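Trainee: I have a chain open and would like to go through it with you. Can we start with how you decide that strands pair?
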Amino acid sequence: MSILERWTDRRTRLMNRFHARRAARAAAATGFQSNPEPRTVGSFARGRQLAAGNLMFAGHLIEAPKTVLWDIIPPDQAFEEETHSFAWLDDMAAVSELHTRKAAQEWVWGWIERYGDGSGPGWLPELTGRRMIRLVHHALMLLRGRNAEQTEEFYRALAAHAHFLSRRWHATPACLPRIEALTGLLYAGLSLQGMDRFVEPARKALAQECAREIDADGGIITRNPEELLEVFTLLTWAAAALEEAGKTVDDDLRNAIQRIAPILRALRHSDGALARFHGGGRGIEGRLEQALAASGVRKRKTDGLAMGFARLSAGRTSLIIDAAPPPLKEASYNAHASTLAFELTSGRRPLIVNCGSGAIFGEEWRRAGRATPSHSTLCLDGYSSARLGKQSNVRGATREMLEDAPKTTPTQLSLASDGVRFEGGHDGYVSTHGLTHARILEMTSDGRGVAGEDMLLAIDPPHKATFDTRMNATLLEGIPFQIRFHLHPEVDAELDLGGTAVSMVLKSGEIWVFRHDSKAELTIEPSVYLEKGRLRPRGAQQIVLSGRAMEYATSIRWSLAKAHDTAIAIRDVGEVEAEEPI
C-alpha cells in the first residue's frame with residue numbers, strides 16, 4: 001500500500017468515527033410513521049442455530065451458548081463486519097419462538113450499549129445502511145415487550161444511523177455499498193417521525209447511482225450475478241417503500257429495476273440458483289424469486305448476452321457461459337479468470353460447476369478460486385487466461401487486481417440443426433503462447449445432450465512465431481493443456497472400462513455420460529466446491545481431458561448426454577446426432 005493510500009484510508013476511518021460520534025448525540029426519533037413490514041428472507045434453520053449459540057459467520061463457527069454476540073472476540077475482519085451488518089436478524093426473525101426473539105433483542109440492545117455512541121468497527125456507511133434496513137424491517141419484533149427506556153434507546157440508535165448516513169453515504173465505494181447506504185437513509189426518512197428531510201436527498205442520490213452504475217443492458221461493472229441480485233433487491237425495497245409512502249419513484253430507479261430483472265432471469269439456472277461467477281454464489285434461497293415478484297417485471301431477455309454471459313436452455317437443462325473478459329482495475333479484486341467457462345444444471349440438480357469464490361476461506365483459497373483451473377474451461381500450460389497484477393487498496397486491505405486479461409471475446413448465438421449453438425473465443429493466451437482459445441457449445445432442442453469443441457489456434461504470423469518459440473522451449477513435445485469439467489459435490493463420477501467415457505450419477509438418480517473423440521487422456525481427479533455457509537471447502541470431482549498442442553490448430557471434441565434419455569455422438573464439428581435410447 002502506498003503512502004497516499006494509507007493516508008486516504010486513515011482519513012476515511014477518522015472521518016467515519018468523527019461523524020458517527022457526532023450522530024450519536026442527535027435527538028432520538030419519536031416513533032414510526034407507519035408499521036414497518038419485513039421484506040427480507042431469513043433461514044429458519046440458521047435462526048435456530050444462532051439462538052442455540054452456534055455462531056457461524058464468514059466461514060467461522062464459534063459455539064457460545066448463552067453468550068451475547070459482542071462478548072466474542074472476532075477471528076477476522078470478515079466475521080466482524082458480518083456480525084455488525086445485522087443480516088442475522090433476518091434468520092432470527094424467521095423463527096417464531098420466544099427465546100429466539102429474546103436472544104435477538106439481547107444482541108441488538110447489547111450492540112446499542114457498546115457501540116451506539118459511535119464507536120467500534122460497525123460504523124462504515126454500507127454496514128450502517130444494511131443495519132438500518134434490518135432494524136426497520138424487524139422493529140415490531142424487537143420492540144415487543146421492551147420498556148419505555150429501552151424503546152427510547154432503540155429510537156435514538158435509529159436517529160444516529162440516519163444522521164451518520166446523511167453525512168457519510170458519499171464516502172462508500174460505488175454501486176452495491178453506496179446503494180446499501182442510500183437505501184438505509186431512505187428507509188430512515190420514510191419510516192421515522194422527524195426524519196422527513198432525509199427523503200429527497202436520498203431519493204435523488206439513489207436515482208443518480210442507478211443511472212451511473214446500472215448500464216444500458218441492466219448489468220454492473222463487477223459482472224457478479226449475486227451482487228447484481230443484491231442491488232436489485234435493494235432497489236425493489238426502495239421503490240416499494242416510496243410507493244407505500246405516497247412518494248414519487250424516480251424514472252432512473254424504476255428503469256434500473258426494469259433493466260435488471262431480465263438479466264437476472266437469464267443468469268438463473270433451472271434449479272432457481274444463480275450462476276456462480278466473479279465472486280458470486282448461488283444467492284440466498286428464495287431471495288431471487290421474491291425480488292422478481294416484487295419488481296412486477298415479467299420481461300425476459302431473449303437475445304444477446306446478459307451482463308457478458310450467454311445462456312443455452314432447453315427442456316429441464318440450463319447452460320450458462322462466461323462470454324466476456326473479466327472486469328479489470330478497481331472492479332477486479334473479486335474477478336475470476338473464467339472466460340468461456342460454463343455451468344450446467346439438469347432440472348433441480350447442478351452437474352457441471354465452477355469451484356466458486358474461496359474468499360470466505362482465506363486469501364489462499366480466494367486466489368485459487370479466481371484461477372482458470374478452478375473453472376470448467378480450457379487451461380493452457382498451467383497459465384490462467386487472466387493474470388494477477390498490481391495491488392489495490394480496498395477498505396484498508398491490499399488485494400490483487402486482474403490485468404493482462406482477454407481483450408477480445410467474439411461471440412455468437414445461433415440456431416443449430418437440432419437446438420441452439422454458442423460460438424466464442426478469447427485471446428488470453430496469445431501474448432504468452434500465441435494461441436487463441438475458441439469454444440463451440442451446442443444443446444439439443446430437448447435439453448438432453450450437449451456437444452462441445454475446444455480449439456487452440458495460432459492465427460496470425462506473429463502468433464505463429466510466439467507459438468514456435470514455445471514449441472522450441474518444449475523440444476517440440478507440444479504445449480500441454482487441460483480441459484476441466486468440475487462436478488458438483490453431489491455428483492458421483494466413474495470412469496468406464498477402457499477409459500473412453502465417464503458416467504455421472506446425480507442425487508436424483510439421473511445419469512449423464514461424458515465422451516470425447518480426441519487423442520487426449522481422460523481422467524477423473526479431485527476437485528473442491530467453495531460456497532458460503534460452509535466451514536471448509538467441500539470435496540468434489542472433476543473430469544479432465546489432457547493433451548498437447550503440437551500444431552497451429554488443435555481441436556478437441558466432447559459430448560454430454562443423459563444416459564436414460566438420449567445419447568449423442570459427434571460426427572462433424574458442431575453436428576449433434578441423436579442415437580437410440582440406451
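Mentor: Two strands pair if DSSP finds at least two bridges between them. Keep in mind that this is a predicted model.

Trainee: What is the bridge partner of Gln 412 in E11?
Mentor: Gln 412 is bridged to Glu 423.

Trainee: Next, Glu 442. Where does it sit?
Mentor: Glu 442 is in strand E12, which covers residues 435-444.

Trainee: Buried or exposed?
Mentor: Glu 442 has a relative accessible area of 3%, so it counts as buried; the cut-off for buried is under 20%.

Trainee: And which side chain does Glu 442 make a polar contact with?
Mentor: With that of Arg 421, at 2.7 Å.

Trainee: Switching to the whole chain. What is the secondary structure count?
Mentor: The protein chain has 16 helices and 22 strands.

Trainee: How does the radius of gyration of the protein chain sit against a compact globule?
Mentor: A compact globule of 582 residues would have a radius of gyration near 25 Å, and the protein chain has 26 Å, so the two agree. Along the principal axes, the C-alpha atoms fill a box of roughly 80 × 55 × 45 Å.

Trainee: What share of the residues counts as buried?
Mentor: 56% of the 582 residues. The protein chain exposes about 24,500 Å², and carbon and sulfur atoms supply 49% of that area.

Trainee: What about contacts between residues at least 6 apart in sequence?
Mentor: Of those contacts, 68% join residues at least 24 apart.

Trainee: Which residues in the largest nonpolar core touch the most other members?
Mentor: Trp 88, Phe 154 and Leu 235, in a core of 97 residues. Helix H11 (residues 225-244) gives the most to this core, with eleven residues. A second, separate core has 43 residues, among them Leu 380, Leu 456, Phe 485 and Leu 522.

Trainee: What is Phe 154 in contact with, leaving aside neighbours within four places in sequence?
Mentor: Phe 154 contacts Phe 32, Trp 109, Ile 112, Leu 135, Ala 139, Leu 142 and Leu 143.

Trainee: Where is His 138, then?
Mentor: His 138 is in the loop between helix H6 (125-137) and helix H7 (139-143). Its relative accessible area is 6%, so His 138 is buried. Not counting residues up to four places away in sequence, His 138 touches Pro 38, Thr 40, Leu 89, Asp 90 and Ala 93.

Trainee: Now backbone angles. What is phi for Arg 223?
Mentor: Arg 223 is not a glycine, yet its phi is positive, about 60 degrees. Most residues other than glycine have a negative phi. Arg 223 lies in the loop between helix H10 (199-213) and H11, and it is buried at 7% relative accessible area.

Trainee: And what about phi of Met 307?
Mentor: Phi of Met 307 is also positive, near 55 degrees. Met 307 lies in the loop between H13 and E3 and counts as buried, at 9% relative accessibility.

Trainee: Last one. Is Thr 302 buried or exposed?
Mentor: Thr 302 counts as exposed, because its relative accessibility is 73% and the cut-off for exposed is over 50%. Thr 302 lies in the loop between helix H13 (287-295) and strand E3 (309-314).

Note on methods: Residues are numbered from 1 along each chain as its sequence is written. This is a predicted model: local features need pLDDT of at least 70, side-chain atom pairs count only at pLDDT 80 or more; totals for chains, interfaces and linings use all residues. Side-chain values use heavy atoms; hydrogens and water are left out. Helices (H or I, at least four residues) and strands (E, at least two) are DSSP runs, numbered from the N terminus. Buried means under 20% relative accessible area, exposed over 50%, partly exposed in between (1.4 Å probe, protein chains only). A polar contact is a pair of N or O atoms within 3.5 Å; within protein, one must be able to donate a hydrogen and the other to accept it, and residues adjacent in sequence count only if both atoms are side-chain atoms. A nonpolar core is a set of buried Ala, Val, Leu, Ile, Met, Phe, Trp, Tyr and Cys residues joined through side-chain atoms within 4.5 Å. Contact means heavy atoms within 4.5 Å. The radius of gyration is taken over C-alpha atoms; the globule rule is 2.2 Å times the number of residues to the power 0.38. Accessible areas come from the Shrake-Rupley method with a 1.4 Å probe; for residues, only the protein chains shown count as cover.
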